Amino acid sequence: MTAMTDGFGRRIEYLRVSVTDKCNLRCVYCMPLEGLDWLRRDEILTYEEIAGVVSVMAPLGLRKVRFTGGEPLVRRDLAELVRMTAAVDGIEDISLSTNAVLLEAQADELREAGVNRVNISLDSLQPERVDAIARRPDSFQKIMAGLDAAERVGFDPIKINVVLIRGQNDDEIHELARITRERPWHVRFIELMPTGSNLDLSRDAYLSCTEALERVREVDALEPVGGPTGNGPAAYYRFPGAAGSIGVITPMSHNFCDRCNRMRLTADGHLRPCLFGDIQTNLREPLRAGEDLRPLIEETLRIKPERHDLVQGSASGSGGLVALSQTGG
Ligand code: SAM
Ligand code: SF4
């Protein structure tokens with residue numbers, strides 16, 4: 001095992017950092033309506049601490065950092081963290097996963113601070129549906145304003161994440177795919193994953209990406225393409241001559257763990273080698289005690305599991321996660 005290569009030969013150059021467990025939405029597949037037991041302020045890593053972890057990982061081969069949550073834009077002055085991260089030697093790419101509700105107001109500053117690209121969650125093109133899935137009024141309008149701002153400031157690529165929910169948005173698969181003909185967006189269909197708070201929904205409303213692709217092919221032929229920057233676990237296709245592409249993320253139907261290039265840092269400072277499962281290393285206490293993090297990071301990498309073990313209808317594979325917002329998705 002060389003620096004930042006795990007026990008299965010996968011090179012890890014990508015860290016997803018959850019900056020908060022809180023969110024301004026309550027998406028039906030993600031967060032319970034009543035919220036979660038929020039972390040206390042002193043449990044959450046400061047920006048200096050996050051930048052400190054990135055600084056230890058960069059010489060080991062870390063190149064890309066994504067900020068996520070919860071909703072990263074609800075944390076105050078995220079642009080400051082972006083600036084601190086961009087200043088770390090070796091970091092080449094900074095991106096953001098957001099619901100875009102607050103993006104209109106922050107897009108300029110985030111772009112200037114060093115965010116190159118964004119993933120935006122948008123599960124439907126119908127305002128009342130988006131509001132119903134997000135369980136917050138007026139979400140659609142704000143998300144659209146955020147998307148416009150993302151284009152205006154030049155985030156590139158722009159990826160649109162659509163969680164497939166049978167009975168709630170699967171009749172829009174054609175329409176969502178068609179957008180990529182005109183707009184240079186990368187629309188990615190994601191299979192609904194089971195967590196402790198969505199077991200009924202994830203069992204009853206699950207739809208595979210194989211089925212979604214069959215429906216997309218009713219619109220037109222698809223050709224496989226390499227995909228935009230940072231393609232990670234997604235596989236991409238394109239309509240002939242289209243401006244954008246269509247991606248599928250298949251955690252349930254096709255395991256993609258052999259291509260995994262990432263680790264995760266939770267808002268409370270746990271390094272997780274896999275989105276699911278219960279392996280995690282507490283970096284916060286050693287960090288606050290001034291200890292060397294490098295051996296802990298290397299050991300976490302060494303025990304990165306070969307694959308996740310999600311089981312439909314069961315919370316066991318997710319390692320006790322109540323919601324994906326707890327680890328950043
Ligand atoms: N709040 C931001 C957002 O919504 O993009 C970032 C965090 S969110 C947890 C990251 C991604 O996880 C989103 O694209 C969201 O749709 C997806 N997600 C959340 N829960 C999911 C689930 N149970 N199954 C599949 N995708 C899920
Ligand atoms: Fe919030 Fe993102 Fe989870 Fe929706 S998917 S509740 S926007 S963290």
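User: In which sense, left-handed or right-handed, does helix 3 pass helix 5?

Analyst: This is a predicted model, in which local features need pLDDT of at least 70 and side-chain atom pairs count only at pLDDT 80 or more, whereas totals for chains, interfaces and linings use all residues, and side-chain values use heavy atoms, with hydrogens and water left out. Residues are numbered from 1 along each chain as its sequence is written, while chains are lettered from A and ligands numbered from 1 in the order in which they are written. Helices (H or I, at least four residues) and strands (E, at least two) are DSSP runs numbered from the N terminus. A crossing is left-handed if the near helix is turned anticlockwise from the far one by less than a right angle, and right-handed if clockwise, and the crossing of helix 3 with helix 5 is right-handed.

User: Is helix 3 roughly parallel or roughly antiparallel to helix 5?

Analyst: Axes are lines fitted to C-alpha atoms, for helices over the stretch in contact, with angles running from 0 to 180 degrees between N-to-C directions. Angles under 35 degrees count as roughly parallel, over 145 as roughly antiparallel, 65 to 115 as roughly perpendicular and the rest as oblique. Helix 3 (residues 103-113) packs with helix 5 (residues 139-153) at an angle of about 20°, their axes lying 8 Å apart. The orientation of helix 3 relative to helix 5 is therefore roughly parallel.

User: How many charged residues are in the contact of helix 3 with helix 5?

Analyst: Contact means heavy atoms within 4.5 Å, and the classes take Ala, Val, Leu, Ile, Met, Phe, Trp, Tyr, Cys and Pro as nonpolar, Asp, Glu, Lys and Arg as charged, and the others, Gly among them, as polar. From helix 3, Leu103, Glu104, Ala107, Asp108 and Arg111 meet Ala145, Gly146, Ala149, Ala150, Arg152 and Val153 of helix 5. Of the residues in this contact of helix 3 with helix 5, six are nonpolar and one is polar, and the number of charged ones is four.

User: How many residues are nonpolar in the contact of helix 4 with helix 5?

Analyst: The axes of helix 4 and helix 5 come within 7 Å and cross at roughly 105°, so these two helices are roughly perpendicular to each other. Pro127, Val130, Asp131 and Ala134 in helix 4 meet Ser139, Phe140 and Ile143 in helix 5. In the contact of helix 4 with helix 5 one residue is polar and one is charged, and the number of nonpolar residues is five.

User: Which peptide bond is cis, with omega near 0°?

Analyst: The proline concerned, Pro157, is found in the loop between helix 5 and strand 5 (158-163). With omega near 0°, the cis peptide bond runs from Asp156 to Pro157.

User: What separates the C-alpha atoms of Ile297 and Leu60?

Analyst: Ile297 is found in helix 10, and at 0% relative accessibility it counts as buried. Leaving aside neighbours within four places in sequence, its contacts are Val56, Met57, Leu60, Met263, Leu271 and Leu283. Although Ile297 and Leu60 are 237 residues apart along the chain, their C-alpha atoms are separated by 9.5 Å.

User: How many nonpolar residues are in the shell around ligand 2?

Analyst: A residue is near a molecule or strand if one of its heavy atoms lies within 4 Å of it. Around ligand 2 are Cys23, Leu25, Cys27, Tyr29, Cys30, Met31, Gly70, Asn99 and Ser325. By class, the shell around ligand 2 has no charged residues and three polar ones, while its nonpolar residues number six.

Terms used
Buried means under 20% relative accessible area, exposed over 50%, partly exposed in between (1.4 Å probe, protein chains only).
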